[in-house]
Amino acid sequence: MVLGMATDTMTTRPLGTSGPRVSALGLGLMGMSDLYGPADEAESVNTIHAALDAGITLLDTGDFYGMGHNELLLRDALKGRDRDNAVISVKFGALRDATGGWNGVDTRPIAIKNFLAYTLKRLGTDHVDIYRPARLDPNVPIEETVGALADLVKAGYVRHVGLSEVGASTLRRAAAVHPIADLQIEYSLISRGIERDILPTARELGIGITAYGVLSRGLLSGHWSRERATAPGDFRGHLPRFAGDNLDRNLALVEALREVGQDKGASVAQIAVAWALAQGGDIVPLVGARTRARLEESLGALPVVLTETDLARIASAVPAGAVSGDRYDPHSMSALDSER
């Protein structure tokens, strides 16, 4: 797979039984605007262009990524492009302040209408393909939130309803109100929490999975090292998995995975993405590439075929539960942590 390939050569997968068919890999745009330190805006736009040219259709953003910057960036990247070739997924509801701090979640129906109006304006489009609350609002029943989204579907402003970082019981309650296309949730070799209850429930209900964090915020990229310092504004500097002895133990897992990759002629990142792809045709991994080089590396996972022997070696190299450290610093991210 190379960046110049036409869009009709990319393998597609369905987002559940009610959602659209999208490219087997999606592009997550958050890091182009927020949380991973400075990004080059021109390179970000070029990376989105390269993704579209390679056949990636699923583009994931959030109205709170850079407090609107990410949506404006996507609008600029889509200028001159066929809007119908992009499946735009937008998360809403996270509240922030002028310092970039987090102030909880708001998914009241009236707030949803407000968020969507601003999103449509920033994106320069008349509809969002998949619209989803970023997290569960403890003050609003999920039935009210999904009911409001169903009204927006009827009005034509939203094509499909999605969810993000919720548990199995919430999936059931939401699906009873309106079909749910997909659940966006963290899933990777070292973040396997959905396998016990959430993934089986999603499959029972016909809900697809868009898996973010397949490279565990760069930890499984094969490019992280003990000596690497995080840039100002990079929240990985506060994540337990990137700190102290946790990092040493986690990098040892990466090196074990690298040996598997070498035997397959693939990089660590490609093996990690290929593993996610191999977990089922209802799973669409989101890669958070911020540059064309990182995007190209992730696209190189598509031709990688993992045999049962390969999967067994990967399971031995990175056993479920082997990761050291929590996903988030609970003091800074607890307001937006998942229902899991």
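**View 1. Helix α8 sits inside.** Ten of the ten residues of helix α8 (residues 268-277) are buried, so this helix is largely enclosed by the rest of the structure. Buried means under 20% relative accessible area, with exposed over 50% and partly exposed in between (1.4 Å probe, protein chains only). Look for Val268, Trp275 and Leu277, which are among the buried residues of α8. Across the 340 residues of the chain, 57% count as buried.

This is a predicted model, in which local features need pLDDT of at least 70 and side-chain atom pairs count only at pLDDT 80 or more, while totals for chains, interfaces and linings use all residues. Residues are numbered from 1 along each chain as its sequence is written, and side-chain values use heavy atoms, leaving out hydrogens and water.

**View 2. Eight strands close into a barrel.** Follow the order β3-β4-β5-β8-β9-β10-β11-β12, with parallel pairing. Two strands pair if DSSP finds at least two bridges between them. Helices (H or I, at least four residues) and strands (E, at least two) are DSSP runs, numbered from the N terminus.

**View 3. Strands β11 and β12 run parallel.** Three bridges join β11 (residues 208-212) to β12 (residues 283-287). Here you can find Ala211 opposite Pro285 in β12.

**View 4. Helix α3 packs on the sheet.** Helix α3 (residues 109-123) touches β5 (87-92), β8 (128-133) and β9 (158-164), where contact means heavy atoms within 4.5 Å. The direction of α3 makes about 140° with that of β8; axes are lines fitted to C-alpha atoms, for helices over the stretch in contact, and angles run from 0 to 180 degrees between N-to-C directions.
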